[in-house]
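Hi,

Here is the structure I promised to pass along. Have a look at it first, and my notes on what turned up are below.

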Amino acid sequence: MASGSTLTAWLSGLDGPRLARVLATRTDTASPPEPRSVGELADRLQRPGSVALALPLLTLPDLQVAEAVAALGTNASREALAKLLGATAGQAGLALEAVLETLAGHALVWSDHSGRLHTAAPLRRAWDAPLGLDAPLAELLADMTSDELRGMLAALGIKPPGTKQQRMTALVAHLSDPKVVAEVVARAPAVTQKLLTHRAGSAPRPPQALVFGTPGPVLAPGARWALDRGLLIQDRRRYGPARMPVEVALALRGPTWHAPFDPLAPSPQLVSITPADVEREAAAAATAFAAHAASVLSACSSAPPARLKSGGIGARELARIGKAAQADDAVVRITLETAYTAGLLARDGDRVAPTEAYDVWAEQEPAERLSTLLQAWRELPLTSTRARDEDNKALPALAGAPPCNGCRQARHGLFAAAAQLPAGQGVKNASDLGPMVAWHRPLADASPTDITPFATVIREAEMFGVIARGALSALGVHLLSYDAEGLTATCRRLLPPAAETARIGGDLTAVVAGTPAARVAMVLDATADRETSGTASVWRFSSASIRRALDAGRAPGDIAADLAAIAAGPLPQPLSYLIADTARGHGRVRIAPAACVLHGEEPALLAELAAHRGLSKLGLRRLAPTVLVSRSSLDTTLAALRAEGYAPVAETAGGTVRVEKVRPQRAAAPVPAPRQTGDKHGTRNTSIRTSKVPGGANIDDLAVRLLAAPPTAPEPDPFGSGVPFGTDTEEIVAGYTKHLSYSDVRQLAQAIDTGTAITVEYVATSGSRTVRTLSSLELDPPYLEAWCHLREAERVFTLSRIHSVMPQ
């Protein structure tokens with residue numbers, strides 16, 4: 001294990017440019033201040049978070065070498081590492097040197113002047129058992145007594161030295177020689193040889209929990225012979241399986257075994273392409289997507305989608321948006337996710353509505369629109385077009401799932417993999433990019449529903465035009481280099497400007513080539529039904545679509561004028577006839593709002609009521625000589641007319657006169673006098689008794705207790721029990737788990753604090769209810785990280801989706 005002082009010494013020996021490269025390879029998104037000294041830089045690089053930021057950026061050979069160095073531990077040297085990886089010479093040896101240079105640039109692995117390799121302190125803990133190997137012999141023997149070491153040396157036929165340190169050194173030197181280990185194992189009983197061979201090829205098992213009052217672990221057959229000679233070492237506390245030192249395991253695996261090392265990226269089948277071919281296909285895909293995205297967000301602007309109670313936009317709303325925009329589910333999902341990330345959409349109560357930023361975005365040219373969505377897509381912490389979960393349940397969009405850095409790295413790995421293709425070459429099948437992504441970003445996450453590796457991410461890139469003809473387009477180059485200005489300039493070059501006119505034909509259709517301008521799309525969406533969207537968009541006029549515009553308050557002349565303003569030529573006669581015919585029958589029946597109706601047989605009297613100034617607050621309006629409508633309720637209107645000296649009568653819903661009966665007022669039943677109690681002699685006690693409070697205490701005692709109480713009492717729980725939170729964990733959990741009772745909150749908090757397993761009822765993102773047994777709980781509000789026994793894997797759960805808790 002490398003120490004901080006070793007890293008400080010290594011950094012001190014670097015020149016200025018190499019120190020700058022070490023800093024440049026650290027992708028700290030928070031942009032911390034520059035370190036003021038080499039010691040401060042070394043301290044920062046030794047933190048676990050620094051390693052966590054660097055590991056996802058490593059390629060497969062980088063991780064393989066880092067794992068091999070971690071497996072060697074204190075015995076790591078360039079020679080031992082090269083031998084372990086089978087990279088002692090040739091291209092493999094040169095590749096190993098390049099990988100070590102990369103790891104040194106990340107300050108993960110470096111060598112001192114003697115050639116010994118050191119690792120960053122948190123790197124060794126990145127693997128529970130690197131290469132399936134346990135700790136080195138010296139580390140496992142540290143707890144052994146001098147007598148135990150003497151016994152091991154004697155069993156091996158070696159004369160024990162005098163001191164404990166000398167005995168440990170002799171034992172380590174003896175068992176570090178693979179030939180010696182092979183000779184010792186050859187003399188072992190057959191059952192011991194079988195046990196050692198099995199243990200050498202499998203990862204070490206974690207120690208079992210210590211249960212007091214129980215005997216030590218039962219040794220496997222043949223284990224005692226190996227324990228007596230140091231081939232296996234029992235934990236000093238005598239629990240858990242016996243451990244095999246890394247030197248023994250490597251010797252038993254044999255000289256022909258090498259740790260995996262793949263310095264060369266996969267070689268897919270390539271085809272010749274020209275830059276013009278790539279640019280033409282990228283332009284077509286980007287233009288179609290820009291048009292689809294505009295129509296999807298326009299549909300959201302017209303009718304904001306409703307959110308599910310469990311969060312997100314469900315399948316029904318997604319289908320409605322897709323039908324209105326003539327876009328498939330993948331386009332709708334990726335548009336909603338990128339627009340939400342870019343701030344074009346936001347939650348508004350139980351709906352998701354466009355923001356003011358959307359209005360600005362909608363007025364921009366297609367190039368600027370696409371650039372905004374592309375930059376948001378690059379940093380999306382999820383795979384936006386994933387529509388099904390592990391149980392094949394439909395997933396809502398904008399569900400607020402926990403951020404997935406592996407999904408982001410899959411996207412960046414695709415850019416890096418495609419950028420490594422030779423100039424003028426592209427993969428024959430886009431799916432061949434999947435293994436390359438796995439090589440460039442081995443820690444990236446692929447969708448569990450992908451038939452081929454990273455198929456979903458590749459399909460998204462093709463939708464945007466980032467991948468075209470199996471190669472990285474200019475859009476992808478700018479995304480890879482984080483060049484926002486270059487990305488926008490390339491979008492302007494690839495995408496035509498917004499179409500300001502539409503071709504309106506005599507078949508009552510309107511065709512717009514390319515992406516329609518905001519005004520063109522608004523006019524056509526208001527007066528016609530969209531049939532197709534993409535490279536060319538088509539709308540169809542009908543009596544229903546024209547009637548929809550008339551219902552919105554548009555006059556027939558205004559509709560014709562707006563369409564003429566965006567038409568490439570004069571309006572065809574069939575469309576003008578359609579507008580006129582629809583307008584002629586529009587509004588023949590009128591519906592007026594009314595709280596009540598006034599009618600009588602004297603037109604003059606009703607005209608007088610309509611003109612009366614004292615009744616103006618009623619909002620009376622004349623519909624016929626003998627009919628008035630009022631905006632006020634029946635009782636209010638009745639009272640107002642009577643106050644002005646008129647004598648109206650009210651009618652029932654059936655048209656008969658309503659008889660108004662005034663019920664006589666009656667007082668409530670009298671409260672009975674308090675019961676008088678008698679004493680033990682039977683005499684009646686008429687004195688006033690001391691008032692009692694719940695719990696049996698009288699008011700005087702309660703006053704004394706209140707005066708003696710501290711000035712600030714603990715905050716009670718919000719569930720009404722009056723019991724304060726017992727721990728900070730309870731208060732944090734209660735703040736996020738709105739569906740749990742106080743007892744459930746306490747059970748969940750106790751499981752988190754004590755590390756015990758617990759069973760919960762969980763509502764998944766798809767809305768389905770499942771029962772999960774969880775262990776190894778770690779609280780990260782608003783999420784809970786735990787080992788899910790149903791999936792047999794680490795999972796992240798949203799606290800607000802836990803609906804009940806059951807003890808394990």
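**Salt bridges, rings and a charged patch**

Asp562 comes out as buried, since its relative accessibility is 17% and the cut-off for buried is under 20%. Its partner is Arg554: the two form a salt bridge in which the closest N and O atoms are 1.8 Å apart. Arg554 itself is partly exposed, at 29% relative accessibility. Do keep in mind that this is a predicted model.

That bridge belongs to a total of 21 salt bridges in the structure. In general, side chains of opposite charge can pair when their charged atoms come close.

Two others sit within helices. In helix 15 (residues 275–302), Arg280 and Asp277 are three residues apart, which means about one helical turn separates them. Their salt bridge has its closest N and O atoms 2.6 Å apart. Arg280 is exposed at 53% relative accessibility, whereas Asp277 is buried at 18%.

Arg320 counts as partly exposed, with 28% relative accessibility, and Glu317 as buried, with 16%.

Now the aromatics. How many aromatic pairs are there? The count comes to five. Take Trp377 and Phe464: their ring centres are 5.0 Å apart and their planes are at 35 degrees, so the pair is tilted. Trp377 is in helix 19 (residues 366–378) and Phe464 in helix 22 (residues 455–464), so this pair ties together parts that are 87 residues apart in sequence.

Last, the surface. Glu778, Asp780, Glu785 and Glu794 gather there in a patch of negative charge. One of them, Asp780, is placed in strand 19 (residues 769–780) and is partly exposed, with a relative accessible area of 41%.

Cheers

Conventions: Residues numbered from 1 in each chain as written. Predicted model: local features only at pLDDT ≥ 70, side-chain atom pairs only at ≥ 80, totals over all residues. Heavy atoms only, no water. Patch = residues over 30% accessible without salt bridge, like charges linked within 9 Å, V, L, I, M, F, W, Y side chains within 5 Å. Areas by Shrake-Rupley, 256 points an atom, 1.4 Å probe, with all protein chains shown as cover. Salt bridge = Lys/Arg side-chain N within 4 Å of Asp/Glu carboxyl O. Lys, Arg positive; Asp, Glu negative; His and termini not counted. Charge placed at Lys NZ, Arg CZ, Asp CG, Glu CD. Helix = DSSP H or I, 4+ residues; strand = E, 2+ residues; numbered from the N terminus. Buried < 20%, exposed > 50% of the residue type's maximum accessible area, 1.4 Å probe, protein only. Phe/Tyr/Trp six-rings, centres within 6.5 Å; stacked < 30°, edge-to-face > 60°.
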